[in-house]
Amino acid sequence: MSLQKLVIDNFRNLEHVRLEPALHLNLVTGANASGKTSLLEAIHYLAMARSFRTNKPSSIIRYGATSLQVVATVHRETTDTTTHIGIERQRSGDLTLRVGGQDARSRAEIIEWLPIQIIAAGVPALLEGGPNERRRFNDWGVFHVEHRFMETWRHYRKALQQRNRALREGLSEQLITAWDDELLRYGKQLIQMKSEYIQSLLPFAEPYLATEAHDFGPIEIEFRPGHPRGQELEEALTQSLNWDREHGYTHYGPHRSDLVIKSDSKPAVEILSRGQQKHLNSALKLAQVHHLRVTTGKHCIVLLDDITAELDQAHTASLLQDLLQLQTQLFVTSLDESIMDHVPRDVDRRLFHVEHGRFEAVI
Ligand SMILES: Nc1ncnc2c1ncn2[C@@H]1O[C@H](COP(=O)(O)OP(=O)(O)OP(=O)(O)O)[C@@H](O)[C@H]1O
Ligand SMILES: [Mg+2]
């Protein structure tokens, strides 16, 4: 997927921005507080219907405006088709998602159109963040490669919500466990999909995790299903019923799945330097982009915010080259243009300069 045209209205300090991005590299330069991250955040908001900086949607609407809007013309290379995708958010809270001139049925419809990855200082890396970040990483991949995922997740979430409600309200054991069959059926399917995805991702991660490039020991990634090892989900669910009743929610299940990442057989988070953790993070995201490309033919949009503050020169250069080789559409922010030095001459590129929320195409 790639954005051919992008129109942003009233998103943070971007009052009205129209861009025609290049197919591959888009570099955005500008002083502090000019609006660089806001551009990436607007693209991410369009693709995921959530911000990567805040959980409070009202704070991304430009001060004094009543709504924000982001609209793009998107090209899908697998079918060689283009469509218009749009998101509008009112200060009152109303959200409208549009695909091809019609209201989208769900967020998933837009997310499916625009596979997007972000590497940014403000976004916790896989190792630093809690299990949420790693579940998001896992689910992103399963969502894009396994078409049954969303439906299965909806069934599971519904059973989980109902069971939790019964627990909170202190209902009888019978009314609580009435949800167990559904929970188990869909929960086991989710566990299998998530675990298989990680298994199929590992060979793609290997080249990007090559020891000589990063100076860390062999990396292992283990999938944890969200219930104790050596126990089936049904056993765990039955055994924790008293705990669940006491706490008012369901303790075990794939909603609590996680990934354990090790280097040299030890928890990576405890032994890798901050820089190495960032290399590991970008290597795993590269692996996802590559895996998606090979399994579905889809190209990703990748946002790199303030990347030179995140990675040293050599790693920035190799990350850019790897991403360009995978034919992603890149949006990169930086205080200056120096990263252009790392980009091969023949790459389709555009340079934008932003001042006080106003963009100018320089090349
Ligand atoms: N809701 C809003 N309405 C208007 N302006 C806002 C809003 N939220 C944030 N801003 C302002 O938008 C400006 C741009 O912020 P942004 O984070 O995009 O800057 P940046 O170019 O990425 O800067 P830096 O180089 O420091 O990362 C800032 O001055 C910020 O205070
Ligand atoms: Mg910024």
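**Exercise 1: the ligand shell**

Determine which residues are closest to ligand 1 and how the shell divides by class.

Solution. Step 1: ligand 1 is surrounded by 16 residues, the closest being Asn13, Asn32, Lys36, Thr37 and Ser38 (a residue is near if its C-beta atom, placed from the backbone, lies within 6 Å of the molecule). Step 2: the shell comprises four nonpolar, eight polar and four charged residues (nonpolar: Ala, Val, Leu, Ile, Met, Phe, Trp, Tyr, Cys and Pro; charged: Asp, Glu, Lys and Arg; polar: the others, Gly among them).

The model is predicted: local features need pLDDT of at least 70 and side-chain atom pairs count only at pLDDT 80 or more, whereas totals for chains, interfaces and linings use all residues. Residues are numbered from 1 along each chain as its sequence is written, while chains are lettered from A and ligands numbered from 1 in the order in which they are written.

**Exercise 2: helix 3 and helix 6**

Describe how helix 3 packs on helix 6.

Solution. Step 1: the axes of helix 3 (residues 131–145) and helix 6 lie 9 Å apart at an angle of about 95° (axes are lines fitted to C-alpha atoms over the stretch in contact, and angles run from 0 to 180 degrees between N-to-C directions; helices are DSSP runs of H or I, at least four residues, numbered from the N terminus). Step 2: helix 3 is therefore roughly perpendicular to helix 6 (65 to 115 degrees). Step 3: by class, their contact has six nonpolar, two polar and one charged residues.

**Exercise 3: helix 4 and helix 6**

State the crossing angle of helix 4 and helix 6.

Solution. Step 1: helix 4 (residues 149–168) and helix 6 (residues 180–208) cross at roughly 140°, their axes coming within 9 Å. Step 2: the two helices are therefore oblique to each other (under 35 degrees is roughly parallel, over 145 roughly antiparallel, and the rest, apart from the perpendicular range, oblique).
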